[in-house]
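Subject: Handover of a structure

Dear colleague,

Please find below the structure that I am handing over to you. My notes on it follow directly after it.

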Number of protein chains: 4
Amino acid sequence: MIGACGGVASTVALGVAALRKRLISATGLVTELPLFNQTGLIKPGSIVIGGHEIRSQPLVDAVDALHSHANLFDRKLVKMCATQLQAWQRNIRCGTLCGAGPVIRGLADKGSRKEDRSPAEAVERIAADIAAFRRRHRLDHAVVINLASSEPPAAKTAAQARFRDLQRALSRPGSRVLPTSSLYALAAVEAGCAFINFTPSLGISVPAIQERAGQLGVPYMGNDGKTGESLVKSVLAPMFAMRNLSVLSWVGQNILGNRDGAVLKDPRTRLSKIRSKDKMLSQIIGSKPATAVSIEYVPSLDDWKVAWDFIHFEGFLGTKMSMQFVWQGADSVLAAPLIIDLTRLAARECRAGRGGPMRHLACFFKDPIGVREHNMFTQWQRLAEHIARQ
Amino acid sequence: MIGACGGVASTVALGVAALRKRLISATGLVTELPLFNQTGLIKPGSIVIGGHEIRSQPLVDAVDALHSHANLFDRKLVKMCATQLQAWQRNIRCGTLCGAGPVIRGLADKGSRKEDRSPAEAVERIAADIAAFRRRHRLDHAVVINLASSEPPAAKTAAQARFRDLQRALSRPGSRVLPTSSLYALAAVEAGCAFINFTPSLGISVPAIQERAGQLGVPYMGNDGKTGESLVKSVLAPMFAMRNLSVLSWVGQNILGNRDGAVLKDPRTRLSKIRSKDKMLSQIIGSKPATAVSIEYVPSLDDWKVAWDFIHFEGFLGTKMSMQFVWQGADSVLAAPLIIDLTRLAARECRAGRGGPMRHLACFFKDPIGVREHNMFTQWQRLAEHIARQ
Amino acid sequence: MIGACGGVASTVALGVAALRKRLISATGLVTELPLFNQTGLIKPGSIVIGGHEIRSQPLVDAVDALHSHANLFDRKLVKMCATQLQAWQRNIRCGTLCGAGPVIRGLADKGSRKEDRSPAEAVERIAADIAAFRRRHRLDHAVVINLASSEPPAAKTAAQARFRDLQRALSRPGSRVLPTSSLYALAAVEAGCAFINFTPSLGISVPAIQERAGQLGVPYMGNDGKTGESLVKSVLAPMFAMRNLSVLSWVGQNILGNRDGAVLKDPRTRLSKIRSKDKMLSQIIGSKPATAVSIEYVPSLDDWKVAWDFIHFEGFLGTKMSMQFVWQGADSVLAAPLIIDLTRLAARECRAGRGGPMRHLACFFKDPIGVREHNMFTQWQRLAEHIARQ
Amino acid sequence: MIGACGGVASTVALGVAALRKRLISATGLVTELPLFNQTGLIKPGSIVIGGHEIRSQPLVDAVDALHSHANLFDRKLVKMCATQLQAWQRNIRCGTLCGAGPVIRGLADKGSRKEDRSPAEAVERIAADIAAFRRRHRLDHAVVINLASSEPPAAKTAAQARFRDLQRALSRPGSRVLPTSSLYALAAVEAGCAFINFTPSLGISVPAIQERAGQLGVPYMGNDGKTGESLVKSVLAPMFAMRNLSVLSWVGQNILGNRDGAVLKDPRTRLSKIRSKDKMLSQIIGSKPATAVSIEYVPSLDDWKVAWDFIHFEGFLGTKMSMQFVWQGADSVLAAPLIIDLTRLAARECRAGRGGPMRHLACFFKDPIGVREHNMFTQWQRLAEHIARQ
């Protein structure tokens, strides 16, 4: 995991440790639904946790903070898993700041961050870390998942088009041809590992890196996990479509208090998130309603996110009506089980030797790579078909 | 239409008149979605309106009342359609009070209600009315749709099991073997017309009447139109299921101000509605959350209905989270286009000579006859497959 | 405290213990606002906890349950206060079941309840317990606060009118002339202690008991603490009044999961609560809007209460508009500091030798004894004036 | 009225016309509450409407547009008042664009706007218009109320400090020493008429103009009418204060679809509105919670405004709880009766010969001139005292 000690990643670690010890139920794990019985998925308890991180807070402290600030998890559970988390802590390596902007740099702790001399060197170092991790634990497969803080929208450059050009650009010290998230993506690919971008950052959405993934037969997917408000949107919007109700406006206000929120105080980063959130409606509904998505940082909420959506729609005979919803969820807790699901599903592709975009995983993402379909149900059906077929 | 001058029925009449004159768009009409192109549906403008009613308020007045009390419809539209509504008024016959309880009797106006001597006589009279209407207007098919006020839950009797026994029981003056809604259902069947029950009343959910419909090759469907809160539930509940989130409780409060609401003040009638609303959750979710559905009559809302639903759910690592929604819709306006859709789709079955339950129309109903599936998307897919196939 | 180990009472105990050790801030304590500086109130930390209880769960366990089920309190705080709670546990005596209905009887544990031979004997025993408690701890004053589960509405009887008649009636074994809450009220009065009824039960709203309180110069107040939805109502309703907006309807849905909720499953008990909640609107607004208050028991919420209120109102030129609010509060935590406030304020009256209804405390109650004013601000002003004057 | 044909002003005109003909009730009029009986207020029906406007849409059309787009008013009422509105139309003069920014200029219609040569000339022309209006209708008093679109925050300049310096600066052609709203304020003062600023624009909040008002004995008040979300805030915030609950965060999202909303699309103008909205909380609560106020333009809402507020607060023992509210109001309808109230109350001051800030009217404004108190109830009490006293 990239951002290995953040809210989501530390919750993933706690969850895997708890599943290992059979301390918790399967609630929240998609891949534990009957649909996935006997489809040859690895056991969640067999997953080994590792990653990269630029901050120095250990996993155990991150989990403790979520417990005491946001009232998450049972304290006994945290205690019973602490030894495991400490063991996994040794699998976490220094992240890179190559390609990072000032907001991310501001989060980094001395001793945890690495200023690699060139992007190419960063990629090489990270790929070597991943390979070593895999060898050390004798893992069949490794899945690299980006859970680091969102980056601002990245500039598209000519060198991103072809792998050959990209390689050349990356070797120049100080080159900013790729944002950090894409360096991790390339490192994963070069290490022959599946890559998943659970954030709205650029990640593997770079033609040259996808070209390279194709050459090496590496499966990948992203972008931006569909965990809360967007998930609701992707089932509600089809409802309006199926009843031929005309959505006039859809306004969403998101307030959140975790590091994700703090990073989103930066207007450029926020833009990246908002764009990702705003894409799906038109595709599902067919028309283009007026939309407005706001994100506000409200520190007192800690890891909790509250979203209010107001939907103004027109029905028969020109009648205007409305619907509102309020979503109150703990972000890390919503995301963590999906990370475990994606790991299991990606490992399955690795074992089958299938590279390229895992389009059947679209239902996990706000902005799925290579998929225009945002209707949750159609996406779900595609996943079911893929699972049944292969 | 049974209850031909009620809120829904008069809105249907206004809508059909407006579609005839091309005064309104297709918004709200499911059967105008691209899916239904070239599937041989009759034109909405070709529908002729008629029905039975126990109250004396004319269609034009009913529409006017909705406009002035609930702020529905454009006044110009109402004016331009008034002549047509007056013409259709002549197709409305006296309803029966046979089998009706005190609440419904309280709504009836002298001169509009009929006290038939026996249920059998009521059935015969209504069937004759329908047949005459069909002849007079030279209609290929007639579709009888129950839009009358909800009845209390009806007693199940032995005579309801077989058509032969039912016939005998019906001929006894004063027999209460069937509630009014089922007398209409039987009359429709005897007249060889499709029957649709858009209310939670018993209607055609009587084995003996379904037996008779089978004999005569009559298509039918029900019960209780899925127009607002239940529609939302049927897309939201699958979302929780697909994410393996455990719904702990689902509480719904419905407030409404129209005649439907006034009738629901009667606790027995309300029970009938609440049962219909409460069925779907367990089927979709798999488990049985704590549920509580309330309905309150709030006269100031007129035809508007406001529903608040609170959903308490558990996610990964035992974390409790919640979602709420508020639905603010005009009941008649939400229901009316579906009546037109059901008419078109039922007429298509009639033309194809297909009798029996129209299970492919499950997505229109809260409690679909012969269908256990409540997931809106699965229901929709079945409709799409039926349309594609036939 | 009557119901000394319930959710509210155990939170009070925890709070007083924590205030004693200066572990928490004054947040939530009304009497710590600047208004009350130098008004001679006792220190919250000087309060000694005791009471009566019919269940056997100790205070520490009750607090633990609130922590683990409803996610309330910091675990460290609970630990640091445990010794104090155990010490206070020794001040808790068996409650009486005299006058209790089947719902309350169902909650009682063997060993904790007492079946006194007659109501008079129960009163005597309880009064003796209180007096002993006061002597043992050398307390200047004792304040008896009813926090026990709500009772169904009590029958009014002739014997409740005069103390002489009441006395006679109480001495008859098996007499049901008073519900349990009123027996406690009388016991407090007889012991010369202030009595406060924080529930909708009858308590001290019995003329004969008030007559006796007058004789003995005992101050008292109630009924039903204004902690959540009702508090909001009592500031919002004046807003509509001050703007001359006409409230058409006010609908409230309350869902809660604690013992209070379980008791309210009983429709008769619920009625008592709903009546108390429904009184205030007309008084504040002047007119009588349509109201509907529902209460549903939703076990998964534990000590949390969620209330949704929908207010339909008419403005200038006959325009209908609406407002909704959702209140999500932890019941025990909202009530507990008010109990401490009322104790301090009642003790002040005791010291000043002022008996009778403490009307200046109306702002703490849904249904204040001897006060018709429900406007929170007017009530507050009266409290401020009383404090300033005396 | 400045902005005499806008949504609010045209609703005022319709309302006054309807009151004249006794077609509507007093609902929404504060000054028709019993408190104001026999306080010598002018009759609402005796008010004569006039004003300045830069757009060419007549009053009747403005009212029609509100009816057909936003579903406001009864059509019959509009018809019965049309003649009166047309008569008043003749009292409307060309507004000035002096001091206006590009957003406002974009709204102006040729023929309705005036490009005065210097601010001084604009002031003189407007003052003359007002004086002529007053003479023509033989009015005892005239009250000038600014209802024009919000301006961006205005720069403070040295010349605004003293009337002498201001006069000099205004006579320079092209001078931008005052925004348009302040030119109107000065014109009103020079014409000896009361001035009220119902918008967040600068208006009379200029020391030099207030100095002049003092010289001429002119009463004035502002700024920014308290009509919806802010009104609710000013009763809810005191509730938290009175219960010593600590407000951690208060987030508000406002969505609206009228011209006000369109103008607020301009980020600078929006800032002016948001500042005005954000002031009150800290004053009432005492502490400074995290706040975030957003305003979004949602055209489909027309004159309707929907506000969602989320309040995160801490109670006893550090427990975090929350409250939300949703306000759905028609902006013009909420503001219009307050304009009539302010006119009556200002006329009363004029008659009594009292000049200067009318601080007793603070309860009508988001940001009351010369008043730090935002608690609605304290403000209300001040009004009641003023009325009783004088």
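Predicted model: local features only at pLDDT ≥ 70, side-chain atom pairs only at ≥ 80, totals over all residues.

The copies C and D meet through the same surface, because 100% of the interface residues of chain C are also interface residues in chain D; contact here means heavy atoms within 4.5 Å.

Residues are numbered from 1 along each chain as its sequence is written, chains are lettered from A and ligands numbered from 1 in the order in which they are written, and side-chain values use heavy atoms, with hydrogens and water left out.

Chains A and D

Chain A can likewise be placed on chain D, with an RMSD of 0.0 Å, by a turn of 180 degrees and a shift of 0.0 Å along the axis. That is the relation of a two-fold axis. The same surface serves both copies, as 100% of the contact residues of chain A recur in chain D. Within chain A, the residue that comes closest to the rotation axis is Gln253(A), at 3.5 Å (C-alpha).

Helices of chain A

Helices (H or I, at least four residues) and strands (E, at least two) are DSSP runs, numbered from the N terminus. Buried means under 20% relative accessible area and exposed over 50%, with partly exposed in between (1.4 Å probe, protein chains only).

Helix 5 of chain A (residues 119–136) has 18 residues and reaches 26 Å from its first C-alpha to its last, close to the 26 Å expected at 1.5 Å a residue; the expected span is 1.5 Å times one less than the number of residues. Its buried residues include Ala122(A), Ile126(A), Ile130(A) and Phe133(A). Arg138(A), which follows helix 5, has a positive phi, near 50 degrees.

Helix 6 of chain A (residues 163–170) has Phe163(A), Leu166(A), Ala169(A) and Leu170(A) as its buried residues. Seen down the helix axis, these fall within an arc of 120 degrees, so they line one face of the helix; the arc is that of the directions from the helix axis to the C-beta atoms. The cover over them includes helix 5, helix 7 (180–190) and helix 8 (207–216) of chain A. Turned away from the buried side of helix 6 are the exposed residues Arg164(A) and Arg168(A).

Helix 9 of chain A is largely enclosed by the rest of the structure, because 13 of its 14 residues are buried. Asn244(A) follows helix 9 and has a positive phi, near 55 degrees.

The sheet, and a buried asparagine

In chain A, four strands form an open sheet in the order 4-5-6-11, with parallel pairing. Strand 4 (143–146) and strand 11 (356–357) are the edge strands, each pairing on one side only.

In chain C, Asn223(C) lies in the loop between strand 6 (219–222) and helix 9 (229–242). Asn223(C) counts as buried, at 9% relative accessibility.

Yours sincerely

Definitions and conventions:
Least-squares fit on C-alpha atoms with pLDDT ≥ 70 in both. Pairing = 2+ DSSP bridges.
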